Amino acid sequence: MTEEKHFRKILSFVKRNGRMRPGQKRAIENLWPVYGIEYKPELLDLNLVFGRDAKKNLEIGFGMAENLISVSQSKPDEDFIGIEVYEPGLGHALLQIEEFGIKNTRVMKHDAVDVLSHQIADSSLDSISIFFPDPWHKKKHNKRRLINDEFSQLMAKKIKPGGIAYMATDWEDYAEQMLKVFSNNSAFENTSPCGDYCERMDFRPITKFEKRGKRLGHGVWDLIFQKI
């Protein structure tokens with residue numbers, strides 16, 4: 001068994017169907033050919049996808065796309081790809097892209113590990129964002145967490161020197177794991193002046209999910225690491 005196959009044995013997500021609204025379903029049917037990128041195990045030419053040479057940013061697990069839509073609107077001179085397997089989230093993202101006339105955003109529905117491994121060229125991304133990934137909070141399920149040593153090494157291969165890894169979680173022990181993993185990766189340096197967590201990123205909107213967590217007394221930990 002190869003190292004890659006061993007790494008791929010455990011998925012970091014479960015495909016939850018969720019209830020799709022009629023508009024979300026129509027968006028996937030009608031807008032996917034325009035704004036969706038199909039998974040194929042071959043490298044993408046991102047400049048060809050977007051029709052220009054600009055900064056390229058990837059968000060993994062964008063949920064209902066609050067951050068993806070907000071940041072793509074605020075940075076029209078950069079390009080954004082969002083990966084999500086939750087179909088209502090994909091449908092909502094496509095609706096927002098169409099409604100606001102967003103030209104610099106594309107979406108994908110596939111495992112982010114496969115996408116990074118096979119479709120994204122090395123040193124081609126200016127940033128990767130992972131906000132509130134599934135915490136797999138039961139100890140026996142911790143091994144399913146996306147952020148681990150192997151995945152941080154994969155991220156390091158795909159991010160350009162000077163590029164950024166943005167992360168946030170509302171589970172303290174996962175925040176500690178993220179901090180340890182990236183602190184131990186010599187390809188990155190922590191941008192926090194204290195060497196641990198950063199202030200909340202001003203560009204990152206506070207989602208309904210995050211507001212609910214705060215009402216329940218959850219803390220939120222933001223991490224920003226730069227590729228050396």
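Predicted model: local features only at pLDDT ≥ 70, side-chain atom pairs only at ≥ 80, totals over all residues.
Local features need pLDDT of at least 70 and side-chain atom pairs count only at pLDDT 80 or more, while totals for chains, interfaces and linings use all residues. Numbering starts from 1 along each chain as its sequence is written, and side-chain values use heavy atoms, without hydrogens and water.

A pocket here is an open set of points on a 1 Å grid over the protein atoms alone, where a 1.4 Å probe fits, with protein on both sides within 12 Å along at least five of seven lines. Lining residues have an atom within 4 Å of a point. There are 40 of them, and Gly 61, Phe 62, Gly 63, Glu 84 and Phe 132 lie closest to the centre. β1 (56–60), α4 (66–74), β4 (125–131) and α9 (208–215) each give two or more residues to this lining. Helices are DSSP runs of H or I with at least four residues, strands runs of E with at least two. α9 gives the most, four residues. The lining splits into 19 nonpolar, ten polar and eleven charged residues, with Gly counted as polar.

Now the helices. α2 (residues 22–35) packs on α5 (residues 87–99) at about 65°, with axes 8 Å apart. Therefore α2 is roughly perpendicular to α5, a class that covers 65 to 115 degrees. In the contact (heavy atoms within 4.5 Å), α2 residues including Ala 27, Leu 31 and Trp 32 meet α5 residues including Leu 90, Leu 94 and Ile 97. The contact holds ten nonpolar, four polar and two charged residues.

How values were computed. Axes fitted to C-alpha atoms, helices over the stretch in contact; angles between N-to-C directions. Parallel < 35°, antiparallel > 145°, perpendicular 65-115°, else oblique.
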